[in-house]
Amino acid sequence: MIKGVNKKIIEINDTKNIYFEKAILYVRPEMLDTPPGHLMKEASYYLEENTPLSSTSRAERRLSSLSRILAAIASIGVIGTVIVFFIIGG
């Protein structure tokens with residue numbers, strides 16, 4: 001049995017993914033009034049977020065996380081030094 005269903009579909013031909021050639025996304029019925037440009041932007045964002053990172057990107061992400069952690073530790077150290085200075089000096 002074939003059902004007559006009207007669905008809005010977005011087809012992405014360039015997924016920028018080494019594994020997948022094409023992606024087909026079905027728009028939720030409650031979002032059918034969304035402007036097509038916005039839907040395409042959201043579809044591209046979704047695919048970018050779900051594309052495996054290259055080894056370079058992984059290294060950059062790890063380095064970025066490490067630098068944020070080191071910056072937080074340095075900030076805590078500065079705050080601790082200021083507190084000790086006021087306790088001793090005050």
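Ala23 is buried, at a relative accessible area of 13%; here buried means under 20% relative accessible area, exposed means over 50%, and partly exposed lies in between (1.4 Å probe, protein chains only). This alanine sits in strand E2. Strands (E, at least two residues) and helices (H or I, at least four) are DSSP runs, numbered from the N terminus.

Which residues does Ala23 touch, leaving out those up to four places away in sequence? The list is Ile10, Glu11, Ile12, Thr15 and Leu47, where contact means heavy atoms within 4.5 Å. Leu47 is 24 residues from Ala23 in sequence, and their C-alpha atoms are 8.4 Å apart in space.

## About the model

A word on what you are looking at: this is a predicted model, in which local features need pLDDT of at least 70 and side-chain atom pairs count only at pLDDT 80 or more, while totals for chains, interfaces and linings use all residues. Residues are numbered from 1 along each chain as its sequence is written, and side-chain values use heavy atoms, with hydrogens and water left out.

## The overall layout

The protein has two helices and two strands, and along the sequence they follow the pattern β-β-α-α. Of the 90 residues, 12% are buried. Among contacts with a separation of 6 or more, 37% are between residues 24 or more positions apart.

The accessible surface of the protein is about 8100 Å², and carbon and sulfur atoms account for 62% of it. Accessible areas come from the Shrake-Rupley method with a 1.4 Å probe; for residues, only the protein chains shown count as cover.

Helix H1 covers residues 36–49, 14 residues in total. From its first C-alpha to its last it reaches 20 Å, close to the 20 Å expected at 1.5 Å a residue; the expected span is 1.5 Å times one less than the number of residues. Its buried residues are Leu39, Ala43 and Leu47. They lie on the same side of H1 because they cover an arc of only 70° around the axis, the arc being that of the directions from the helix axis to the C-beta atoms. Strand E1 (9–12) and strand E2 (23–26) are included in what covers these buried residues. On the other side of H1, the exposed residues are Gly37, Lys41, Glu48 and Glu49.

Ala43 belongs to helix H1 and counts as buried, with 4% relative accessibility. Beyond residues up to four places away in sequence, Ala43 touches Ile10, Ile12 and Leu25. Ala43 and Leu25 are 18 residues apart along the chain, with 7.6 Å between their C-alpha atoms.

## One salt bridge

How many salt bridges does a search of the whole structure find? The search finds one, a salt bridge being a side-chain nitrogen of Lys or Arg within 4 Å of a carboxyl oxygen of Asp or Glu. The side chains of Lys22 and Glu11 form this bridge, at 3.2 Å from N to O. The pair links distant parts of the chain, with Lys22 in the loop between E1 and E2 and Glu11 in strand E1, 11 residues apart.

Lys22 is partly exposed, with a relative accessible area of 42%. Glu11 is also partly exposed, at 41%. Side chains of opposite charge can pair when their charged atoms come close.

## A nonpolar patch on the surface

Ile79, Ile83, Val84, Ile87 and Ile88 make up a nonpolar surface patch, with about 530 Å² of accessible area together. Patches are made of residues with over 30% relative accessible area and no salt bridge: like charges are joined within 9 Å, and nonpolar side chains (Val, Leu, Ile, Met, Phe, Trp, Tyr) within 5 Å. Ile88 lies in helix H2 (residues 55–89) and is exposed, with a relative accessible area of 69%.
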